[in-house]
Amino acid sequence: MKKARLQVRLGEKAETLLSRAAERPGVTKASIVEAAIVELLNPKEDSQEYAALIKRLDKLTRAMERLADDASAQTETLALYILYYLCITPPLPEQNRAAAEALGQKRFERFISQVGDRLMGQERFTDTLLEHIGLTTATSEQRGEAVQ
């Protein structure tokens, strides 16, 4: 393979660095300069790495947005439930308290069972809630995702 001949002038500092690097066995000044030019001026490899990095960052951004949506929906749901419970639920008379506690325990066990089922399965209440209020559609359209 024929190589082009090129004559360059280097500053004192560059010449010193090049000479030191060429002191290693099997290394020539020409090979060092050639490798440096290829590394510096070959944008193809860099752009592929940057494109892959940007694609991964976009995926992570969408995942973080979804987590933020989920956390907001959960916080608002809990806050509204607590407000409703504290403001609307009247205190129970003493004679009805035992029956109410038994019923409450039964409801709590059912609630925990449903939470466990949702955590183990694919369907999530947050998805259902966001879809019900129309947030999933708007958020998906903003991100450019296909809406089912």
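This is a predicted model: local features need pLDDT of at least 70, side-chain atom pairs count only at pLDDT 80 or more; totals for chains, interfaces and linings use all residues.
Residues are numbered from 1 along each chain as its sequence is written. Local features need pLDDT of at least 70, side-chain atom pairs count only at pLDDT 80 or more, and totals for chains, interfaces and linings use all residues, while side-chain values use heavy atoms, leaving out hydrogens and water.

Helices are DSSP runs (H or I, at least four residues; strands are E, at least two), numbered from the N terminus. In helix 1 (residues 12–22), Leu18, Ala21 and Ala22 are the buried residues (buried is under 20% relative accessible area, exposed over 50%, partly exposed in between; 1.4 Å probe, protein chains only). These residues lie on the same side of helix 1 because they cover an arc of only 95° around the axis, the arc being that of the directions from the helix axis to the C-beta atoms. Glu12, Lys13 and Arg20 are exposed on the other side of helix 1. Helix 2 (29–41) is included in what covers the buried residues of helix 1, where contact means heavy atoms within 4.5 Å.

UniProt, in an unreviewed entry, lists residues 50–77 as "coiled-coil region"; positions follow the numbering used here, feature names are shortened, and annotations may be inferred rather than shown by experiment. This stretch is 100% helix and 0% strand, with its end C-alpha atoms 40 Å apart.

Rings of Phe, Tyr and Trp (its six-membered ring) pair if their centres lie within 6.5 Å; planes under 30 degrees apart count as stacked, over 60 as edge-to-face and the rest as tilted. By this rule there are 2 aromatic pairs.

| Pair | Centre to centre | Between planes | Class |
|---|---|---|---|
| Tyr81 and Tyr85 | 6.2 Å | 25° | stacked |
| Phe108 and Phe111 | 6.4 Å | 35° | tilted |

Tyr81 and Tyr85 are 4 residues apart in helix 3 (residues 43–88); Tyr81 is exposed at 51% relative accessible area, and Tyr85 is partly exposed at 45%.
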